[in-house]
Amino acid sequence: MQDCIFCKIISGTIAAKKIHETEDIIVVADIAPKAPIHYLIIPKKHIQDIRFCNQDDQKMLGNILLAAQYLALNMLNGSEFKLVSNNGKSVGQSVFHIHIHFLSGGGNYLTNAAI
Ligand code: 5GP
Ligand code: ZN
């Protein structure tokens, strides 16, 4: 989608630190990390937020959680982690393409996150 930062990262128009990639998902480091480890799990399909998903997105939605598991087990030595998803402007969403924040590595955000 034009004018979507995450679509531009997925197409390579905007550079990002890529952590992991599968057929339907990309994981990049957040440009303004709120935790020692702050990744964004982003589906390649442009969808505004979870409210706009449908049955066709079932596999992709499951793959988001499996990507989080992969990061923890295969890239972060089994680390504990937190997932946060903002769905709508009033709850803090600023990029309107579905993404899940993956947070790890310790710090206050673990107990009172306002991501
Ligand atoms: P939201 O506020 O929508 O839940 O999260 C959007 C996240 O995207 C923010 O944490 C913000 O720092 C991150 N972000 C915004 N622009 C870019 C960018 O160009 N590259 C990367 N890697 N992250 C970005
Ligand atoms: Zn997009």
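A: An oxygen atom of ligand 1 lies 2.7 Å from a polar backbone atom of Ser94, a polar contact in the sense of a pair of N or O atoms within 3.5 Å. An oxygen atom of the ligand is also 2.8 Å from an N or O atom in the side chain of Asn86, while a nitrogen atom of ligand 1 has a backbone N or O atom of Ile31 at 3.3 Å. Of the 520 Å² of accessible area that ligand 1 has on its own, the protein covers 87% (Shrake-Rupley method, 1.4 Å probe).

The model is predicted: local features need pLDDT of at least 70 and side-chain atom pairs pLDDT 80 or more, whereas totals for chains, interfaces and linings use all residues. Side-chain values use heavy atoms, without hydrogens and water, residues are numbered from 1 along each chain as its sequence is written, and chains are lettered from A and ligands numbered from 1 in the order in which they are written.

The shell around ligand 1 holds 16 residues, the closest being Ala29, Asp30, Asn86, Ser94 and His101, where a shell residue has a heavy atom within 4 Å of the ligand. By type, the shell residues divide into 8 nonpolar, 6 polar and 2 charged, with Gly counted among the polar ones and Asp, Glu, Lys and Arg as charged. Helix α1 (residues 5-11) gives the largest share of this shell, 3 residues, a helix being a DSSP run (H or I) of at least four residues.

Technical notes. Polar contact = N/O pair within 3.5 Å; in protein donor to acceptor, adjacent residues only side chain to side chain. Helix = DSSP H or I, 4+ residues; strand = E, 2+ residues; numbered from the N terminus.
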